[in-house]
Amino acid sequence: MIVLVGFMGAGKSTVGRLLARKLDLRFADSDTEIEQRAGRRVREIFAADGEAAFRAQEQAVIADLIGGPDLVLALGGGAVQSEQTRRLLRPASVVYLQISYAEMLRRVGGDPRRPMLRRPDVEDIYRRRLAGYESVATLTIATDGRRPGAVCLDVMNGLAGLRRVDRAGYSH
Ligand code: S3P
């Protein structure tokens, strides 16, 4: 199981799709899965039911996906706020795609489909989440100014390096 985490706009879904193709694994995205189950868009769930209801659905969907067959899974940017989700991630290879706040604004700042971006405290939310991403990551890749293909290559090399280390009997 390879799981991609990081703030909005880091490229979790784009890089995840590329990675799944290269590794011949299925790709899933927690937001798309939630939308399919709910029959509504993420922004509609936020608007009608609020963030807490969205988080409950997100946690349930991620638990199901992680319990299922091997895949590359991109998580929504707020998913690792859940302690249950952080616990479920422990046995997975977790790739943290890092993005600076300024680059995030350039990439997705005006996206109306991302309700969290309209919060007045979005910069605080960004800063508060960084430690959470770091705490679950087995591999961290910087993405600022880089194309998805280059990031994907770094992820593959990084994961291969971790596996070599595992085989040599070191811990990381
Ligand atoms: C969210 C990020 C979104 C989506 C929802 C909430 C967040 O996913 O789950 O809008 O709290 O950061 P992306 O990170 O894929 O944009």
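How are H3 and H4 oriented to each other? Their axes cross at roughly 130°, and H3 and H4 are therefore oblique to each other. The model is predicted: local features need pLDDT of at least 70, side-chain atom pairs count only at pLDDT 80 or more, and totals for chains, interfaces and linings use all residues. Residues are numbered from 1 along each chain as its sequence is written, and side-chain values use heavy atoms, with hydrogens and water left out.

**Helix H3 against helix H4**
- Helix H3 covers residues 42-49 and helix H4 residues 51-67; helices are DSSP runs (H or I, at least four residues) numbered from the N terminus.
- The axes of H3 and H4 come within 7 Å; axes are lines fitted to C-alpha atoms over the stretch in contact, with angles from 0 to 180 degrees between N-to-C directions.
- Val42, Ile45, Phe46 and Asp49 of H3 are in contact with Glu51, Ala53, Phe54, Arg55 and Gln57 of H4 (heavy atoms within 4.5 Å).

**Helix H2 against helix H4**
- Helix H2 (residues 30-38) and H4 have axes that come within 9 Å and cross at roughly 110°, and H2 and H4 are therefore roughly perpendicular to each other.
- On the H2 side the contact includes Ser30, Asp31 and Arg37, and on the H4 side Phe54, Gln57 and Leu65 are among the residues.

**Ligand surroundings**
- Of 15 residues around the ligand (a heavy atom within 4 Å), Lys12, Asp31, Arg55, Arg114 and Arg129 come nearest.
- A polar side-chain atom of Asp31 lies 2.7 Å from a ligand oxygen atom (polar contact: N or O atoms within 3.5 Å).
- An N or O atom in the side chain of Arg55 is 2.6 Å from an oxygen atom of the ligand.

Key
Helices (H or I, at least four residues) and strands (E, at least two) are DSSP runs, numbered from the N terminus. Angles under 35 degrees count as roughly parallel, over 145 as roughly antiparallel, 65 to 115 as roughly perpendicular and the rest as oblique. A polar contact is a pair of N or O atoms within 3.5 Å; within protein, one must be able to donate a hydrogen and the other to accept it, and residues adjacent in sequence count only if both atoms are side-chain atoms.
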